[in-house]
Each structure stands twice: as C-alpha cells, then as structure tokens.
Amino acid sequence: MKSLLFTDALKLKRPAAFNVMLKPAGPECNLNCTYCYYLEKKKLFPGTGHFRMTEEVLDNFTKQFIEANEVPVVNFTWQGGEPALMGLDFYRKALELQKKYSGGKKIENSFQTNGTLLNDDWCKLFADNKILVGISIDGEEHNHDHYRKTVSGGPTFRKVMKGIELLHRHKVEFNTLSTVNDYNVHFASETYRFLKKTGSGFIQFLPVVERIMPQTDTSGLQLIAPIHGEATVTGWSVGAAEFGTFLITVFDEWVRNDVARYYIQIFDATLANFTGENPGICVFAGTCGDALAMEHNGNLYCCDHFVYPEYLLGNIADKPLKEMAISQQQFDFGVAKRNTLPRQCMKCEVLYACHGECPKHRFALTSDNKPGLNYLCEGYKKFFKHVEPYMEYMARELNNKRPPANVMNWIRNRENQAVSPKIPERNDPCPCGSGRKFKNCCMTKWHNGAMAQRHNGA
C-alpha cells in the first residue's frame with residue numbers, strides 16, 4: 001500500500017459506518033436489459049438455479065449490520081437483480097428483524113427497483129414503513145425501451161409508468177436512476193424534462209461503461225474489471241465527450257430554472273467538492289470502500305461494481321461482517337482509488353472535483369501512454385470546467401449563509417446586462433451577484449467606468 005495520509009488515519013480512527021448494497025435475489029431479474037452488468041454474475045454461482053436469500057442469512061446480516069454500524073441511523077439498501085422477486089413476506093420479515101435488533105438506532109430502508117412488479121400491496125408496504133424507492137427509468141418511451149426490455153425482448157416503459165402512478169397514489173417518496181448510454185445521450189433535454197414530469201425530485205445519471213472480452217475469463221464472465229487484460233468497450237457504452245455534453249446540457253437548464261427545486265446527484269456532489277465538503281457519492285470522493293455489496297448467499301464483495309472473485313472479502317457465515325468491512329483488504333481497496341491515479345490526473349486542474357471518478361472506468365491510457373486514465377476523462381473535464389463559475393458563485397452563497405438558488409437571478413442579471421446594458425436602480429440587487437444592494441456595492445465603480453468611457457469618446 002502506498003502513501004498513508006492523515007485523512008486515511010482519521011478514517012481508521014472514526015466510528016465504524018459503512019453501507020452494504022444487498023442483493024437478496026442475487027443477479028436474478030424479470031428483465032433482460034442489454035447493458036446490465038449484473039445478470040451474468042449468475043456464473044459466479046455454478047449449480048445455483050434459485051437465487052434467494054434465506055431467512056438464516058437475512059437474520060445473520062441484519063443483526064451484524066446494525067451492531068457493526070456505530071452511528072445512530074442505519075440504512076438498509078435493497079437492490080439486485082430485481083429485489084421485488086423476493087416477494088412481500090421477505091421484506092415484512094426483514095422489517096421485523098430490523099425492529100428486533102435495532103438497539104435504539106433508527107432504521108431506514110431504500111429499495112431500487114425496475115418498477116414493473118409494483119402493485120398496491122407493494123406501495124402500501126413502502127408507504128407504511130417510509131421506504132424510499134428508487135425507480136430505474138431511462139427517459140421517454142423510445143429512450144427507455146431501447147435497451148430496457150423483458151426477457152422475451154418486449155418493451156417495459158408502460159409497466160414502469162404504471163408503477164410510478166401507484167407510488168404517487170400511495171404518496172410513496174421516490175427518486176429516479178437513469179443510465180446514460182450510447183442512445184439516450186443524444187436526448188439530454190428531453191430526458192431531463194421527462195424525469196421532472198414523473199415527479200422525481202432527486203435525479204441520478206449513471207454512465208454506462210462496460211468492457212467485454214470475446215472469450216470468458218476463468219470465472220465465466222465477459223464484462224470485466226480494469227485489472228483484466230485487453231477488452232473492447234461495448235457498443236452500448238456512452239462516449240466520453242458525448243457524456244460531457246449531456247451533463248452540460250442538463251446543467252445549463254437546471255442552473256437557470258431548477259436549483260433547489262430538483263436535485264441532481266452529480267451537481268450536488270460537484271458543489272460539495274467546490275466547498276470542501278464530502279460529496280456524498282463514492283465516485284467523486286478521494287477514496288472509497290464504504291459501499292460494499294452482499295450477494296444472496298452472504299458473500300461480501302468490496303463494491304457493487306467489483307463483484308469478481310478477486311474482490312471477495314468472505315462470507316458472513318464464516319467471518320464477522322464488521323471484520324471484513326474494516327479489513328486491510330477493504331482499506332487497501334478504498335485508498336487505491338487515490339494511490340493508483342496516474343501523474344496526468346494528479347496534475348489535472350479538475351482533480352478536486354473528479355478524484356479520478358470510479359476505478360472501474362480507469363482503463364484508458366494517458367497522454368504519455370501510461371495506464372489508469374478514466375475512460376470518461378474528456379467528458380468530465382469538459383463538464384467541470386463549464387460549471388466552474390456557477391459552482392463558485394453557489395459556493396460563495398453557501399459560505400455567506402445565503403441560498404445557492406440565488407445563482408438563477410445572478411445568471412439572469414448577467415445575461416440581461418450582456419444583451420441590454422442597463423444601469424440598475426440604487427436599491428436593486430447588485431448585478432455582480434454579491435447579494436448586496438447596488439448602491440452599497442458596485443455603483444461607484446459602475447459610474448466611474450461610464451464617465452471614463454465618455455471621456456475617452458470625447
């Protein structure tokens with residue numbers, strides 16, 4: 001392990017707190033989305049025909065997870081595959097066990113689903129237990145159905161929309177997770193406006209980037225991690241430059257109209273990095289390792305995107321969960337995110353915002369032909385440079401205990417002044433964006449500048 005920093009030492013000393021993405025139905029799903037990286041994980045369990053978490057594994061995990069997290073609020077994250085395949089009784093039992101082992105801690109649950117299996121009973125369970133639901137949806141019908149298909153190849157959009165209608169009817173809080181792939185990357189504004197219409201107040205965009213080997217590796221997998229050999233980027237993966245343009249297009253609409261009305265994960269994380277706060281998402285943090293993944297049988301992996309034999313930490317039936325979560329193997333995995341950055345990244349002007357993004361995407365070559373550059377580097381650099389003046393303004397507002405949403409008026413003032421320079425009234429907000437009145441800010445400089453122009457023109 002290279003360069004242990006003071007921040008690493010703090011991480012080792014702090015109270016244990018980590019997240020585990022639970023896969024109660026393993027990689028099993030009722031859909032067959034073209035770009036899904038998880039469906040083929042079935043090959044890691046040869047001879048297993050029925051991927052279902054047993055009550056014994058559920059009980060063991062629940063007890064250990066609550067005890068291991070030395071924080072007042074513990075969040076259970078259910079994902080897949082498709083977690084709804086487990087059926088309602090499984091989650092009723094899960095809630096019962098959480099209550100049994102809570103030990104005075106507050107327990108929260110989040111549930112990521114494709115939405116096609118939802119009905120009134122599911123929505124009642126979510127509403128009664130305040131479970132936050134994440135809906136996977138890729139935009140309008142033509143965008144969504146392009147890759148998100150049933151096992152028989154049929155469309156899924158209308159089933160998902162029916163699920164969203166049910167969530168609204170039962171007043172269930174939900175957010176949306178949308179992949180950005182080679183197709184819908186060309187429909188940025190349309191996708192953003194559609195997601196707002198669904199009622200999603202929190203929007204996540206996940207770039208699809210996968211590499212595929214012509215032959216399977218020793219584990220039988222074709223979609224591989226960066227540590228493996230040569231492979232080809234899949235046809236459905238998003239291009240780096242196109243992804244940057246997608247983010248900029250959405251940002252330009254959001255920053256002018258929707259700040260504090262709609263929350264977009266990458267924009268929130270970027271602002272946090274501008275202010276020196278925790279970005280709240282591992283890919284844009286300096287190190288990672290606090291978000292593990294557990295399969296239906298109790299196998300614990302370093303990360304949801306690294307469910308490969310090399311990243312298996314063990315099984316909760318054989319090793320204590322906390323021991324694996326704070327193990328040297330997991331710590332090394334987390335700090336490697338920073339320690340393996342190539343020199344090009346270390347000198348990059350947007351490193352503070354990007355931090356190399358996800359190690360899963362670091363298979364490109366640097367300008368001097370060194371490995372480890374993020375495949376999406378070009379797009380992220382373009383995006384972070386574009387948003388810089390707006391983020392700097394919002395960061396100043398936050399530091400001065402003013403709402404970042406003031407950026408919308410600041411932009412309008414700037415754009416209006418560019419089109420038709422008009423001298424503000426004395427008590428108008430100053431167009432420089434300081435938040436002070438014009439008379440108490442730039443009025444003197446403004447008039448001095450105007451007098452100089454007249455003098456020079458005379």
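1. In which sense do strand β1 and strand β10 pair, and over how many bridges? The sense is parallel, and four bridges join β1 (residues 19–22) to β10 (residues 291–294). V20 has L292 as its bridge partner in β10. Strands here are DSSP runs of E with at least two residues, helices are runs of H or I with at least four residues, and both are numbered from the N terminus. Two strands count as paired if DSSP finds at least two bridges between them.

2. A word on the source. This is a predicted model, in which local features need pLDDT of at least 70 and side-chain atom pairs count only at pLDDT 80 or more, while totals for chains, interfaces and linings use all residues. Residues are numbered from 1 along each chain as its sequence is written, and side-chain values use heavy atoms, with hydrogens and water left out.

3. Next, the sheet as a whole. It is open and has 10 strands, with mixed pairing. The order is β9-β6-β5-β4-β3-β2-β1-β10-β11-β12. Strands β9 (263–264) and β12 (312–315) stand at the edges with a single partner strand each, so one side of each has no neighbour in the sheet.

4. Strand β2 has partners to check on both sides. Two bridges join β1 to β2, and the two run parallel. L22 has W78 as its bridge partner in β2. Strand β2 (residues 73–78) is also parallel to β3 (residues 106–113), with six bridges between them. There V74 stands opposite I107.

5. Two loops deserve a look at the backbone. The peptide bond between G80 and G81 is cis, with omega about 10 degrees. G81 is in the loop between β2 and α3 (88–101). A260 is not a glycine, but its phi is positive, near 75 degrees. A260 lies in the loop between α8 (240–257) and β9.

6. Helix α14 (residues 377–399) is bent. The bend is about 50 degrees at E388, and a proline, P389, follows within four residues. The bend is the angle between axes fitted to the seven residues ending at a residue and the seven starting there. Just after α14, K401 has a positive phi of about 60 degrees.

7. Helix α9 (residues 265–274) packs on α14. The angle is about 65 degrees and the axes are 9 Å apart. Axes are lines fitted to C-alpha atoms, for helices over the stretch in contact, and angles run from 0 to 180 degrees between N-to-C directions. Residues I266, F267, T270, L271 and F274 of α9 meet a set in α14 that includes Y380, F383, V387, M391 and L398. Contact means heavy atoms within 4.5 Å.

8. Last, the cysteines. The count of disulfides is zero, where a disulfide is a pair of cysteine sulfur atoms within 2.5 Å.
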